[in-house]
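Hi,

Here is the structure I promised to pass on.

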Amino acid sequence: REVKNDTFHDWLRDPAEGAELVTSVCTGSTILAAAGLLDGRRATTNKDAFAWATSFGAKVDWQRQARWVEDVKFFTASGVSAGMDMSLAVIARLFGTDMAEQVTVWAEYDWHRDPAWDPFAKIHGLV
């Protein structure tokens, strides 16, 4: 619903422009794209919803095969588990790799560190 909410998009632009980082998981990148925040940037979204999601961002350089994408201050993840990996990349950027690795131990999580590792792009016929 919010992908077509111009009032929400207008509100979102100000905090996003002033933020140190802007992150989204799954089709959340669609809202950022619809608000124009990803224009001229690389981004990704959920692979199962890729055709629908990318239809809201003609000026976005949509990455068909990417677990997550980092473009300056914008981080977009393709799905929920990819969002976990992206979150660890954000932690590493802000607090260092040692801290991100410690978080994986605390969470008992196997971190996929390669943002290009995306088997779901093939499953959904995107590559």
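Below is what I found, starting with the ground rules.

This is a predicted model, with local features needing pLDDT of at least 70, side-chain atom pairs counting only at pLDDT 80 or more, and totals for chains, interfaces and linings using all residues. Residues are numbered from 1 along each chain as its sequence is written, and side-chain values use heavy atoms, leaving out hydrogens and water.

First, the cores. A nonpolar core here is a set of buried Ala, Val, Leu, Ile, Met, Phe, Trp, Tyr and Cys residues joined through side-chain atoms within 4.5 Å; buried is under 20% relative accessible area, exposed over 50%, partly exposed in between (1.4 Å probe, protein chains only). The largest has 15 residues, with Leu32, Leu37, Leu38, Val60 and Trp62 making the most contacts inside it. Helices α1 (6-18) and α2 (28-34) each give it at least two residues (helices are DSSP runs of H or I, at least four residues, strands are E runs of at least two, numbered from the N terminus). Another core, of 12 residues, lies apart from it and includes Phe75 and Trp111.

Next, Arg13, which is in α1. Its relative accessibility is 27%, so Arg13 counts as partly exposed. Leaving aside residues up to four places away in sequence, Arg13 touches Ala35 and Leu37 (contact: heavy atoms within 4.5 Å).

Finally, α4 (residues 80-95): its buried residues include Met86 and Ala92, and their cover includes β1 (22-25) and α5 (97-107). Just after α4, Gly96 takes a positive phi of about 100°.

Cheers
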